[in-house]
Amino acid sequence: FTGRCPAEMARAEAAKRHLSALAGAGPDYLADVGHDKYGGRVLGRIVAADGRDLASRMLADGHARTYG
């Protein structure tokens with residue numbers, strides 16, 4: 001990570017470990033794949049083998065925040 005704030009870097013590392021634990025439980029797949037409104041980025045959802053949306057789980061568990 002290239003952040004300068006030690007607290008932010010620690011939170012980023014914790015989020016990375018949490019996501020690895022969520023995604024490592026089994027085969028994951030991409031759903032709802034498409035392009036953003038500008039057509040430059042590919043958007044989609046990562047769904048765990050048990051049907052959990054990983055972004056929603058990261059938000060609920062406090063390891064992510066929405067971008068507005």
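Where is the place of Gly 44? Please describe the surroundings of that residue as well.

Analyst: Gly 44 has its place in strand 2. Before the details, please note that this is a predicted model, in which local features need pLDDT of at least 70 and side-chain atom pairs count only at pLDDT 80 or more, while totals for chains, interfaces and linings use all residues. Residues are numbered from 1 along each chain as its sequence is written, and side-chain values use heavy atoms, with hydrogens and water left out.

Strand 2 covers residues 42-47, and strand 1 covers residues 29-35. Strands (E, at least two residues) and helices (H or I, at least four residues) are DSSP runs, numbered from the N terminus. The two strands pair in the antiparallel sense over five bridges; strands are said to pair if DSSP finds at least two bridges between them. Within this pairing, Gly 34 stands opposite Leu 43 of strand 2.

Gly 44 itself is in contact with Ala 31, Asp 32 and Val 33, when its neighbours within four places in sequence are left aside. Contact here means heavy atoms within 4.5 Å. The C-alpha atom of Gly 44 is also separated by 6.4 Å from that of Leu 30, although the two residues are 14 residues apart along the chain.

Leu 30 is found in strand 1. Leu 30 is classed as exposed because its relative accessible area is 60%; exposed means over 50%, buried means under 20%, and partly exposed lies in between (1.4 Å probe, protein chains only). Together with Val 33, Val 42 and Ile 46, Leu 30 makes a nonpolar surface patch of about 400 Å². Strand 1 and strand 2 each supply at least two residues of this patch. Patches are made of residues with over 30% relative accessible area and no salt bridge, nonpolar side chains (Val, Leu, Ile, Met, Phe, Trp, Tyr) being joined within 5 Å and like charges within 9 Å. The areas come from the Shrake-Rupley method with a 1.4 Å probe, and for residues only the protein chains shown count as cover.

The hairpin of the two strands has six residues between the strands, and in it Gly 39 takes a positive phi near 80 degrees. Asp 36 lies in the loop between strand 1 and strand 2. Asp 36 counts as buried because its relative accessibility is 11%. Not counting residues up to four places away in sequence, Asp 36 touches Arg 41 and Leu 43. The side chains of Asp 36 and Arg 41 are joined by a polar contact of 2.9 Å. A polar contact is a pair of N or O atoms within 3.5 Å; within protein, one must be able to donate a hydrogen and the other to accept it, and residues adjacent in sequence count only if both atoms are side-chain atoms.

Asp 32, one of the residues in contact with Gly 44, has its place in strand 1. Most residues other than glycine have a negative phi. Asp 32, however, has a positive phi of about 55 degrees although it is not a glycine. Asp 32 is classed as exposed because its relative accessible area is 56%.

Asp 32 also belongs to a network of salt bridges that links it with Arg 45 and Asp 53. A salt bridge is a side-chain nitrogen of Lys or Arg within 4 Å of a carboxyl oxygen of Asp or Glu. Side chains of opposite charge can pair when their charged atoms come close. In the salt bridge between Asp 53 and Arg 45, the closest N and O atoms are 2.9 Å apart. Arg 45 counts as partly exposed because its relative accessibility is 35%, whereas Asp 53 counts as buried, with 15%.

Asp 53 is found in the loop between strand 2 and helix 2 (54-60). Leaving aside neighbours within four places in sequence, Asp 53 is in contact with Arg 45 and Ile 46. A polar atom of the side chain of Asp 53 also lies 3.1 Å from the backbone nitrogen of Ala 55.

The structure as a whole holds six salt bridges.
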